[in-house]
Amino acid sequence: MGTRVWLKMEALQPSGSFKCRGVGEACRYYVMQGATELVASSGGNAGLAVAYAGRQLGVPVTVVVPTTTSQRAIDLIILEGAKVLVQGERWNESHKVALSLAEQGGAYIHPFDDPHLWQGHASMIDEIYQSDIKPDLVVLSVGGGGLLCGAIEGLRRNGGTDVTVWAIETVGTASLNTALAVDRLTGLDHIDSVATSLGALCVAEQAFKLSREHDVKSKLVTDKQAIAACDRFLDEQRMLVEPACGASLAALYDCNESLANYNDVVVIVCGGVGTTRKQLNDWLTKS
Ligand SMILES: *Cc1c(COP(=O)(O)O)cnc(C)c1O
C-alpha cells in the first residue's frame, strides 16, 4: 500500500478485546467511589470485561444478559467468577434490570456511553505515542462509539488533533454512518449483521459530536468482507477475531485507494471472543 501499517493488538487483552481498557478504568473509578458491586448488561465482550475487572478488584459482578445470549458466552463470564442473570428478550430489557440492580450500592458499567470508559480506551493511543509512533491514520470499528470517543480523546491529549480516523461499520450496523448522513443523531430500526459487537441501534451522543469535530471518515464494509478479513487475519497473524474486528481489517485489506500519503497507519485490532473457528468456517461456506 506504499505505507507502514501497524496493528494495535487489543485482541491480546486478558478479556480478549479492547473493552478491558475502558471497562477496567470505569470499574476502578466506581469502586474507588464506594461501589460494592458491579453490574453489566452485555453477554458480549463488555460483560466479560466487567467480570474480569471485578475479579481483579475483588468486587462481585452480576451480568444481566438477554435470552438470546449463547451458552458459550454465559460460560465465559461464569469462568471469570461473575454471576449471570438471564432476563429480558432483548438488550434493552436486560439493561433496565441491570440498572435497577445497580441502585442498591452497585455501579452500572455501560458498554460504550461513559466518560470514564473513554478515558480508559484512550490509553491505547498513549501507548502508541509512547512507542514513538506518530500515526497519521487510525482505523477502528464503531458499535456504540465508545472506542471512537476514547481514540479521539487519546489523539487529542497526544497532540494528534489532525490525525484522520476511519470509523468502520458493517452495512447492517451502520448507526454512525446513518446519523452522519442525515446530520442528526438518529437510530436504526434493527441490526442485521454477523458483526454483533457493532450492533448498537444508536451511537453515543459524544461519538456523533466528535465525529463532526474531528477528521472522521465513516466507511462501510459488507459482512462478507468482514468475514473474509477474519479468515485472512487468522492465516497471516494466527489470531481469531470477531467480524466486528474483521470490519476494520477489511477496510485496509480491500482498500483500493493509495495510502502513500500516509506514513504510519494504525489499525486497532479490537479482537472479541464471540467467534469460534467453526462459526467462522460456517460463515465462510455460506458467504
Ligand atoms: C465493543 C466492541 C466494538 C465496538 O466498540 P464501541 O465502543 O461499542 O464502538 C468493536 N469490536 C469489538 C470486538 C467489541 O467488543
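1. Contact here means heavy atoms within 4.5 Å. Helices (H or I, at least four residues) and strands (E, at least two) are DSSP runs, numbered from the N terminus. The model is predicted, so to speak of local features requires pLDDT of at least 70 and side-chain atom pairs count only at pLDDT 80 or more, while totals for chains, interfaces and linings use all residues. Residues are numbered from 1 along each chain as its sequence is written, and side-chain values use heavy atoms, with hydrogens and water left out.

2. In α1, Lys19, Cys20, Val23, Gly24, Cys27, Arg28 and Val31 meet Asn45, Ala46, Ala49, Val50, Tyr52, Ala53 and Leu57 of α2. By class, this contact has 10 nonpolar, 2 polar and 2 charged residues (Ala, Val, Leu, Ile, Met, Phe, Trp, Tyr, Cys and Pro count as nonpolar, Asp, Glu, Lys and Arg as charged, and the others, Gly among them, as polar).

3. The axes of α1 (residues 19-32) and α2 (residues 45-57) come within 9 Å and cross at roughly 45 degrees. Axes are lines fitted to C-alpha atoms, for helices over the stretch in contact, and angles run from 0 to 180 degrees between N-to-C directions.

4. An open sheet is formed by 4 strands in the order β4-β3-β2-β5, with parallel pairing; strands pair if DSSP finds at least two bridges between them. At the edges, β4 (83-86) and β5 (106-108) each pair on one side only.

5. Strand β2 (residues 37-40) is joined to β5 by 3 bridges, and Leu38 has Ala107 as its bridge partner.
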